[in-house]
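This report is written for a reader who meets the structure for the first time. Please keep the sequence and the model in view while reading the sections that follow.

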Amino acid sequence: MTALRYLKQVSTLRLNEDLCIGCGLCAQVCPHQVFTLENGKAGIIDLDACMECGACVNNCPSKAIEVHPGVG
Amino acid sequence: MKPFDSGCCGGSVEQGKISGSLLIQPSMEEFKKTEAPIDPLKDHDKPGYRLCSFVRGFLKTDVGLIPRVKTDLDKSDLLSTVMIRAGIKRHDYRISPGLYAVGTPDKYSEVLVTANFKLTFDHLRRELNGLSAWILVLDTNGVNVWCAAGKKTFSTHELVNRIKTVSLSELVTHGRVIVPQLGATGVSAVEVKKRSGFEVVFGPVRAKDIPLFLRNNRKADERMRTVTFSFFERLILTPVELKLIVKPVLITAIVLFVISGIGPGLFSISQAGSRGLAAVFFLFAGILSGAVITPTFLPFIPFREFAAKGIISGGIFAAVASIFFSPPMAGTTALMGLSLLTVTSSSILAMQFTGATPFTSPSGVEKEMRRFIPAQAVGLLSATGLWIYSAF
């Protein structure tokens, strides 16, 4: 979604590239195309598009992703 | 923060496990009636049950009789959609969890997983015209897939249990289920595989992309995987926003009438009536601005914070409303108070809408609330003060 953007630099999404095994599931389940997959590793390319839904965290097999949306 | 879409029908007929041959053909009952008009509503009625109008008949399979559903929506479906969208009894529109069939599926057919919210189920089946597939409905308490996934009722646990209770491994041989992508917040593909042996393939965000997704060998492209929030998608959410605030609005209106009666003679009922009407008019301007116009025109209103967007559109509404009540009908102080009421209520309601959108992060909403709630409180107090002061 490019037309509608929410606040900048607020997402608590963190990716630990050392733990990433490059399976690409995060990029597959993300509804806002926050991730990219390059050279066998996932990367965050659009942090501000993240809505902290937790789909990536829930599906990462190597626990390389964290998000702490609080009580929201 | 996210409000839950919820939602119709009583249960379908029980799906007890009945052994028999894996049959793709229509059941005997239906077979006999191929010449006579089929009326499953009548012919499958059981004491104490009422058949859902979307069931066309039953398929006899190794795991029991499975209801076959229609892929076209009838009048009662449209009525339930209107009721849900209007927010009327939206928690009552749920269907019985378990297995359903569309077309004439067999052991090679795909299994589409969904939630037991009637609106969600209707959205899915109407896109499956001409396809043969199984539908596995999870119990999400009548809540849509995404919200239920966030609440973890559309979950790994529920999917694994449902796969077991319906004996899915005896129904299909491919060992695969298709889960809507937005279910990924609650369903972990890795965990499901570990605990049930079934492979989870994440499908498209929208049900209407399912036929294409299946033709593409179960591959969802970027468009299919991306959430949208179009003008129409925003507009259709506004009736529920209004329904949710009926009670607080009524209470606010009563309070407005009461404080409008305060004046030089301590309290005047006639003044409460006339000034009260003016105040309620400005309140309604704020509601229209914050709960309808701001959500609908979201990307066209400046600022990222919803509360700020609400202030902008509320300001425009206050200016327009003021034209109707310009002096000598009301003084400047009175108009300032009333305008502040419109702007503040618009801001509050616009901020409320952050819970209904598919792109606001909880951390962002928290930051916005911390900044704007104090300002909104000051706004309301000042509006009240100015309005009462203007009566003297």
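## Contacts and layout of chain A

Two residues are in contact when heavy atoms of theirs lie within 4.5 Å. The model is a predicted one, and in its chain A residues 24 or more positions apart account for 55% of the contacts that have a separation of 6 or more.

Chain A holds two helices and four strands, and when the chain is followed from the N terminus, these elements come in the order β-α-β-β-α-β. Of the 72 residues of chain A, 49% count as buried.

## The hairpin of chain A and two positive phi angles

Strand 2 of chain A (residues 35–38) and strand 3 of chain A (residues 41–44) run antiparallel and are joined by four bridges. Within this pairing, Glu38(A) stands opposite Lys41(A), which belongs to strand 3 of chain A. The two strands form a hairpin with two residues between them.

Asn39(A) lies in the loop between strand 2 and strand 3 of chain A, and its phi is near 50 degrees, a positive value in a residue other than glycine. With a relative accessible area of 80%, Asn39(A) is exposed. A second residue with a positive phi of about 50 degrees, although it is not a glycine, is Lys63(A). Lys63(A) is placed in the loop between helix 2 (55–59) and strand 4 (65–66) of chain A, and at 69% relative accessibility Lys63(A) counts as exposed.

A disulfide is a covalent bond between the sulfur atoms of two cysteines. A search of the whole structure finds zero disulfides over all chains. Cys23(A) takes part in none, and the nearest cysteine sulfur, which belongs to Cys60(A), is 6.2 Å away. At a relative accessibility of 44%, Cys23(A) counts as partly exposed.

Cys50(A) is buried, its relative accessible area being 10%.

## Where chain B meets chain A

In the contact between the two chains, 37 residues of chain B touch 29 residues of chain A. The area buried between chain B and chain A is about 2800 Å², and carbon and sulfur atoms give 59% of this area. Between chain B and chain A the count of salt bridges is zero, whereas 18 residue pairs are found in polar contact across the interface, with both residues at pLDDT 80 or more.

On the side of chain B that touches chain A, the elements that give two or more residues are helix 8 (189–196), helix 10 (222–225) and helix 17 (362–389) of chain B. Helix 17 of chain B gives the most to this side, with seven residues.

## Salt bridges

Side chains of opposite charge can pair when their charged atoms come close. Over all chains the count comes to 16 salt bridges. One of them joins Arg223(B) and Asp209(B), whose closest N and O atoms are 3.0 Å apart. This pair links distant parts of the chain, with Arg223(B) in helix 10 of chain B and Asp209(B) in the loop between strand 7 (199–203) and helix 9 (210–215) of chain B, 14 residues apart. Arg223(B) is partly exposed, with a relative accessible area of 45%, whereas Asp209(B) counts as buried at 5% relative accessibility.

The side chains of Glu366(B) and Arg370(B) also meet in a salt bridge, at 2.6 Å from N to O. The two residues are separated by about one helical turn, because they are four residues apart in helix 17 of chain B. Glu366(B) is partly exposed, with a relative accessible area of 30%, while Arg370(B) is exposed, with 60%. Another salt bridge is formed by Lys70(B) with Asp74(B), the closest N and O atoms being 4.0 Å apart; Lys70(B) counts as partly exposed at 23% relative accessibility, and Asp74(B) counts as partly exposed at 25%. Finally, Asp77(B), Lys118(B), Asp122(B) and Arg125(B) are linked in a network of salt bridges.

Methods
Residues are numbered from 1 along each chain as its sequence is written. Chains are lettered from A and ligands numbered from 1 in the order in which they are written. This is a predicted model: local features need pLDDT of at least 70, side-chain atom pairs count only at pLDDT 80 or more; totals for chains, interfaces and linings use all residues. Side-chain values use heavy atoms; hydrogens and water are left out. A disulfide is a pair of cysteine sulfur atoms within 2.5 Å. Buried means under 20% relative accessible area, exposed over 50%, partly exposed in between (1.4 Å probe, protein chains only). Two strands pair if DSSP finds at least two bridges between them. Buried area is the accessible area (1.4 Å probe) that two parts lose on being put together, summed over both. A polar contact is a pair of N or O atoms within 3.5 Å; within protein, one must be able to donate a hydrogen and the other to accept it, and residues adjacent in sequence count only if both atoms are side-chain atoms.
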